[in-house]
Amino acid sequence: MTDPLEHPLRVALVDDQPLVRAGFAMVIDSQPDLDVVVQAADGLEAVEQLRAHRVDVVLMDVRMPRLDGIEATARLLEQSRQGHAPKVIVLTTFDLDEYVVAAIRAGASGFLLKDAQPEDLLTAIRTVHRGDAVIAPSATRRLLERVVSAPEPAERDTSVLDPLTEREREVLQLIGRGYSNQEIGATLFVAEATVKTHVGRVLSKLGARDRVQAVIIAFETGLVTPGSD
């Protein structure tokens, strides 16, 4: 059970399908620690509304009229650069694979399949608000593997990994496989607090905004390959 907060997490829903928004809102508003405060039918409306409303987490559809979720995410985080920046979760389906990495590079903290279970949606909102990324479920890992294009080994630029120690490379590899801090600690036989320290150093050395960007780097450099366990 989630501990009560001083105030509920403020959530924005951005989707051009009213029934989808209504369904998500019903699930989210059923939780005492979550509150839907903004709903928008496209990216442009979302950017305009979020100038006036402070929110913690945005659920952002990818394909929408006027302004898609990729550009909306980039604009939203750009206008929030000097202040409170919400976390963005991109909503997608398997047939929209090509958009996901672009959205993450625009600043999204993760992505969720639209047919996810309600409890997964709620967990994702709380997870990204804590500063983590939504990358762990196996379906999401498979999706990530499909959207990251892996060039031939000779073409890969691995110089971004040079600042990492051997242990930090191990941690990045496990992050890339979708492991949580607890799972990384169990695999490497170290305390979870130590894992958090390693993860922080990895993100800093890579210049990665969050774990999702670190995962992209792990795939692009060949440290993790699609289908690896």
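Colleague: What should I know about the source of the model and its conventions?
Modeller: This is a predicted model, in which local features need pLDDT of at least 70 and side-chain atom pairs count only at pLDDT 80 or more, while totals for chains, interfaces and linings use all residues. Residues are numbered from 1 along each chain as its sequence is written, and side-chain values use heavy atoms, with hydrogens and water left out.

Colleague: How many helices and strands are there in the protein chain, and what percentage of its residues counts as buried?
Modeller: Helices (H or I, at least four residues) and strands (E, at least two) are DSSP runs, numbered from the N terminus. On that basis the protein chain has 10 helices and five strands. Buried means under 20% relative accessible area, exposed over 50%, and partly exposed in between (1.4 Å probe, protein chains only). Of the 229 residues, the buried share is 46%.

Colleague: How many bridges join E3 to E4?
Modeller: On one side, E3 (residues 57-61) pairs in the parallel sense with E1 (residues 9-14) over four bridges; there Val-11 stands opposite Val-57, and Val-14 has Met-60 as its bridge partner. Towards E4, Val-57 stands opposite Lys-87. E3 and E4 run parallel, and the number of bridges joining them is five.

Colleague: Which residues of E3 point the other way from Val-57, Leu-59 and Asp-61?
Modeller: In a regular strand the side chains alternate between the two faces of the sheet. Five of the five residues of E3 are buried, so this strand is largely enclosed by the rest of the structure. Val-57, Leu-59 and Asp-61 point one way; those that point the other way are Val-58 and Met-60.

Colleague: Is Asp-61 buried or exposed, and with what relative accessible area?
Modeller: Asp-61 is found in strand E3, and UniProt lists this residue, in an unreviewed entry, for "modified residue: 4-aspartylphosphate". Contact means heavy atoms within 4.5 Å; leaving aside neighbours within four places in sequence, Asp-61 is in contact with Val-14, Asp-15, Asp-16, Gly-69, Leu-91 and Lys-114. Asp-61 is buried, and its relative accessible area is 3%.

Colleague: Why are the buried residues of H3 on the same side, and what arc do they cover?
Modeller: In H3 (residues 69-79), the buried residues are Gly-69, Ile-70, Ala-72, Thr-73, Leu-76 and Leu-77. The arc is that of the directions from the helix axis to the C-beta atoms. These residues lie on the same side of H3 because the arc they cover is only 165 degrees.

Colleague: Which elements are included in what covers the buried residues of H2?
Modeller: In H2, Gly-43, Ala-46, Val-47 and Leu-50 are buried. They fall within an arc of 100 degrees seen down the axis, so they line one face of the helix. The face turned away from that buried side carries the exposed residues Arg-51 and Ala-52. The cover of the buried residues includes E1, E2, E3 and H3.

Colleague: Which residue is joined to Asn-181 by a polar contact between side chains?
Modeller: Asn-181 has its place in helix H8 (residues 181-188) and is buried, with a relative accessible area of 13%. A polar contact is a pair of N or O atoms within 3.5 Å; within protein, one must be able to donate a hydrogen and the other to accept it, and residues adjacent in sequence count only if both atoms are side-chain atoms. At 2.6 Å, the side-chain partner of Asn-181 is Arg-211.

Notes:
Pairing = 2+ DSSP bridges. UniProt positions renumbered as here; feature names shortened; annotations may be inferred.
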